[in-house]
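Visitor: I have just started learning about proteins, and I would like to look at one together. Could you show me the structure, please?

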Amino acid sequence: MSAFPPLHADDSRGVGSPNESELLAADGVVPLGRELNSSCPCCDVPLRAGEIDGHPVLYCGECGGVLMRNGAFGTVLRDRRSRHVDGEPADVRPLDRNAALREIDCPSCGRRMETHPYYGPGNVMIDSCSHCELVWLDHAELADLASAVAPRRPRW
Ligand SMILES: [Zn+2]
Ligand SMILES: [Zn+2]
């Protein structure tokens, strides 16, 4: 064993850059640090292993996108919304039409993912692969969905 690590270890990249922690904080992703064989469908960098509320996810340290199982997505959303019921209702962003035009491939099987609005409160386009039962969420989409509780005011 060497006594000291080099004083100027040339390793400024890696998990935990300020940019990445900020990205991950938005959706509550806990990085586990391992790089995987799958690549981000948007930026083509290796996805990393992480966790959201204890559920395993893959995430991209570049764009903050998250890949997770359909079931875990539903559970996380339900849990977060139930905790949010008494909170302030979040501003709902208008539906991003551009997101509907994007086409990405499933990081797991390579099939084209289906892009569709997530029905319910929160105007968010999500991408899903019915073959793998995975959903791809762009940065902060999970946070947007979780904080979008049904408006209590009457509809026009
Ligand atoms: Zn990415
Ligand atoms: Zn797939």
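Visitor: Which residues have the most contacts inside the largest nonpolar core?

Guide: Before that, a word on the source: this is a predicted model, where local features need pLDDT of at least 70, side-chain atom pairs count only at pLDDT 80 or more, and totals for chains, interfaces and linings use all residues. Residues are numbered from 1 along each chain as its sequence is written, with chains lettered from A and ligands numbered from 1 in the order in which they are written. Now your answer: Val 57, Tyr 59, Val 66, Leu 67, Met 68 and Val 135 have the most contacts inside that core, which has 28 residues.

Visitor: What makes a group of residues a nonpolar core?

Guide: The name is for a set of buried Ala, Val, Leu, Ile, Met, Phe, Trp, Tyr and Cys residues joined through C-beta atoms within 7 Å. In soluble globular proteins, nonpolar side chains tend to be buried together.

Visitor: Why is Ala 146 called buried?

Guide: A residue is buried if 20 or more other C-beta atoms lie within 10 Å of its own, exposed if 12 or fewer, and partly exposed in between, with C-beta atoms placed from the backbone. Ala 146 has 23 such atoms within 10 Å, so Ala 146 is buried. Ala 146 lies in helix α4, and the C-alpha atoms of Ala 146 and Val 76, 70 residues apart along the chain, are separated by 8.2 Å.

Visitor: Is Ala 143 buried, exposed or partly exposed, and what makes it so?

Guide: Ala 143 has 18 other C-beta atoms within 10 Å, so Ala 143 is partly exposed. This residue also has its place in helix α4 (residues 141-147); helices here are DSSP runs of H or I with at least four residues, strands are runs of E with at least two, and both are numbered from the N terminus.

Visitor: Which residues is Ala 143 in contact with, leaving aside its neighbours within four places in sequence?

Guide: Those are Ala 26 and Asp 27. Being in contact here requires the C-beta atoms, placed from the backbone, to lie within 7 Å.

Visitor: How do you know that β3 and β4 pair?

Guide: Two strands pair if DSSP finds at least two bridges between them. Strand β3 (residues 55-59) and strand β4 (residues 66-69) have 2 bridges, in the antiparallel sense. Tyr 59 has Val 66 in β4 as its bridge partner, and Leu 58 has Leu 67 in β4. The two strands form a hairpin with 6 residues between them, and Gly 64 in the turn has a positive phi of about 80°.

Visitor: How many bridges join β2 and β3?

Guide: Strand β2 (residues 46-52) and β3 pair over 5 bridges, again in the antiparallel sense. Ala 49 has Leu 58 in β3 as its bridge partner. Between β2 and β3 there are 2 residues in a hairpin, where Asp 53 in the turn has a positive phi of about 50°.

Visitor: What is the order of the strands in the open sheet, and why are β1 and β5 at its edges?

Guide: The open sheet of 7 strands has the order β1-β2-β3-β4-β7-β6-β5, with antiparallel pairing. Because β1 (29-39) and β5 (114-117) each have a single partner strand, one side of each is left without a neighbour in the sheet.

Methods: Two residues are in contact if their C-beta atoms, placed from the backbone, lie within 7 Å.
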